[in-house]
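Colleague: I'm new to this one, and I'd like to learn how to read its strands and its surface. Could you walk me through it?

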Amino acid sequence: MQKILTILFSFGLGLSLNAQIGKVKGTVVDNEGRAVIGANVSASPGNAGTITDLSGEYMLNLDPGTYTITASFIGFASQTFEISLKVGETKNWDVALAEGGILLEDVVLTGTRSAPRSNTTSPLPIDVFTAKDLLSTGQNSFDKSLQYRVPSFNTVQTPVNDATALLDPYEIRNMGPSRTLILINGKRKNMSSLLYVQTSPGRGETGADISAIPTDMIKRIEILRDGASAQYGSDAIAGVMNIILKDDAEHGGVTFRSGVTSKGDGEMFGVALNNGTKLGSKGFMNYTIDLSKIGLANRPGTVDAAGEAADFGASLSTVQAFLKDYPDAGNINGSPETTAAKFALNFGSQISDNTELYGNAAYVYKKVNSFANYRTPYWRTLSDFPYLTSFFGLDTNNDGIRDKYVGYVPTFDGDLSDYNATLGWKTNRNGWTADVSFTTGGNEQTYTVRNSHNRNGTQNPDGTNKYQENSPVLFKPGGTSFNHNVGNIDISKRLTDKVGIAFGSEFRSENFNIIEGDLASYEDGGADSFAGNDPRNSGKFNRYNFGGYADIALDFTDDFLVNGTARLENYSDFGSAFVWKMSTRYKFNEDKVTLRGSLSTGFKAPTLHQIYTQKAQYSFVPGQGIQVGGLISNVSREARLLGLPSLEPEKSTNFTIGAGFRPNSNLSFTIDYYNIAVKDRIILSTEISSTGKNTPLDKILADNNLSDLSFFVNGLNTKTSGIDVVGNYRGLTLGDGSLGINLSGNITLVNERDGAVNNPKLVKDAGQSVANQTQEALFFTSRPKFKGILGLDYEVGKFTFSLNNTLFGPTTFRQQGLDPGIYTEFKTKMVTDLGITLQTTKNSTLSVNINNILNVLPEWSFKADAGKEAKLNDAAYLKNQSNLITFNQRYSQMTYDGYHFSQLGTIFNAALNIRF
């Protein structure tokens, strides 16, 4: 009965057993007597643990028994204390931590299948960031926090905000979102169901939804900047991100957040509750609930009348009359309205002396409200569609009758659900560690189009129009879903103090579902702005794979390490892949200098999204406005008619060499060179248009009323190389406070196609290419050429001041429609963020952040290849080219293809955290 009551108490049901529990409490300070906030205090055996509060105080509730209490913190040597507790007894242990020892934040799990090592002794480049590092950026989501902390990580909202608004594409080392593997507590996270199809960075790819993870649930982030397919399987070509969740069982807190842009829009409100509780006598559970809403931030340009008149065949006076009242042509583009509810938990329990049960789970619901391009009255005209006034007109007389037509703007609502869960147990016996787990996860996105119509003139048998004036104005275009189920067995043992081995296997089943839309959303062209999924293109698709690996780590001496891993995977749809990795590290000068390097092969399987997606797609065509193109599946009837090849996995070769320096406990510096060669890179082709020669391509376009079509193909071999630099100095005395300096950077040396484009025969015969200059710019130069981050953190008294400077290097685009030899370049810019944190009381802090305090905005200009410079002196010519790529200045700030950092300017954020 006592055990049952103890469990009930651990879940907070209020059954007091304090008389049966002993306590250990005290204060943790540094060697100068200052409170150490957030120090870890744990008891073994068992999983009991806590962290110190703002006064350095802690308290552990323990069953009677004998324990080893350990106190540790970043940059301090850990201390232990043996203690015996009787029933109801309270004992004090005050501890002063001395600087030195392995940094707690450097202890990493990612990058090896053997026992964890510290970052200073790892043969691989790994970045480690704590939750505090992320929160100090003042950003509203996890992915945007990484943007301003990790030089090789880039993400930005796309200019076009339909389905892409649900998940912004991100990437490490300019390799695309699908080549970075995401782990949660070391287990694979599911991919998103979204496939990026717009002409913007990330085109043709998908990735995991990392923005869905509540920041308050994160303990630390480990980013392996190296290929790791041999350890983890497909997708780990550019690197691995491992998100470690909080495991504190003793404390909790609530955070209130608010923010707004300097223009008064994009207002943000949020509240997050994080709490921990004991799970029985030897377990813990930590959970987070995060609720938030971000308002619309609109940044349209002033539309050019001459360009509009030319594109839509309207008289200049008609266009000018409309633009006089609506200078931005009614367009709404920027950052969409987003509402999110996030839930996450992490738990573990010591069920015997050598066995631990563990698990975690998360669920997020996100709703995004965005807009298509405004349909002006000279674009969708009353002469073509006389009923538009009754559908979308204004009621100027307030009599309930729509009497004035000024165009309309279709809205796009996206609903996203994402979940993941892991359950496993880990056993240690006779030096062997066995970890068995099951992971499941999924992502579903469904869409709603409002304020639109099906404008096709198909008639019913009785001669009436099926749509047009009889069209609905609300459509359900369907959506997509993806889920996976993963089983893992991982076994490791340290055979001697020189040899460690590990081996294991993984089974993974993946399911992709294209959800059909309602009839009016897809039939005869479907909803104007976003066509639904035709049942002929919809369905459920599955595959599975089974893999195994073996790993050996050899410490030839205390300083010289060699690690080798081999992996074999078999996929049900394309066969087998064998990959391997060798890494090494040598330390000298009393571990103050480390040399390291690795050589590996890798692979990335084509995703089910890339294999099976087939749909009509509304896209911007320079000089022609919005046109409907087709994306055809590689396994479709149309693909066979066109002779398109089946997709094969990408293959990669990674080489990394670097050095690390830690001359003292306060200073560290690393530099790493990387080289990544990818063979048979999977791309979404450029839009292939009609040949005018009555070929199978022309027939498919004509039969489906399409302006062009695109498809996935193993189109390129690529090579990417660059240098990463990371430096940290902490504990610099400045006045009465302490200053920390963080300097990091990434520079891309080479990122380009290697050899000729692999064009299918039909494309060759049409005199076109699956990868033109527009595509290659998106692949290779649409992310900053270099990026640097200089952060200063100053702690004095109850205040902490953070000044973060992020340097975004140039990006270049060759937008569709530009004349040959002309391209655009976004200029190098520095974004400065200021953060101030005040310890208002013993258990509360107030943080204020001004992001982009100098209101720096993306800025671009035209550039010319050698021999074409004269064109840059022709203002009328450049205005025409500018109209082509900005939809007549609707997207003047960023063009239609993208940009390199946020266009929203200065943002003010505030957060109040109350601990309990």
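Colleague: Let's begin with a pair of strands. In which sense do S5 and S6 pair, and over how many bridges?

Modeller: Keep in mind that this is a predicted model. Strand S5, residues 65-72, pairs with S6 in the antiparallel sense, and seven bridges link them.

Colleague: What is the strand order of the open sheet they belong to?

Modeller: The order is S3-S2-S5-S6, with antiparallel pairing. Strand S3 (49-51) and strand S6 (79-85) are the edges, because each pairs on one side only. On average, neighbouring strands of this sheet are turned by 20° against each other, direction ignored.

Colleague: Now strand S19: is it largely enclosed or exposed?

Modeller: As a general idea, side chains in a regular strand alternate between the two faces of the sheet. In S19 (residues 268-278), eight of the eleven residues are buried, so the strand is largely enclosed by the rest of the structure. S19 runs antiparallel to S18, joined by eight bridges, and pairs with strand S20 (residues 283-294) over eleven bridges, also in the antiparallel sense. Across from Leu273 you will find Ile289 in S20. The S19 and S20 hairpin has four residues between its strands, and Gly280 in the turn has a positive phi of about 70°.

Colleague: And which residues form the nonpolar patch on the surface?

Modeller: Phe256, Phe799, Phe801, Ile836, Leu846, Val848, Leu912 and Ile914, with about 580 Å² of accessible area together. Phe256 lies in strand S18 and is partly exposed, at 41% relative accessible area. The bridge partner of Phe256 in S19 is Val271.

How values were computed
Residues numbered from 1 in each chain as written. Predicted model: local features only at pLDDT ≥ 70, side-chain atom pairs only at ≥ 80, totals over all residues. Heavy atoms only, no water. Pairing = 2+ DSSP bridges. Helix = DSSP H or I, 4+ residues; strand = E, 2+ residues; numbered from the N terminus. Axes fitted to C-alpha atoms, helices over the stretch in contact; angles between N-to-C directions. Patch = residues over 30% accessible without salt bridge, like charges linked within 9 Å, V, L, I, M, F, W, Y side chains within 5 Å. Areas by Shrake-Rupley, 256 points an atom, 1.4 Å probe, with all protein chains shown as cover. Salt bridge = Lys/Arg side-chain N within 4 Å of Asp/Glu carboxyl O. Buried < 20%, exposed > 50% of the residue type's maximum accessible area, 1.4 Å probe, protein only.
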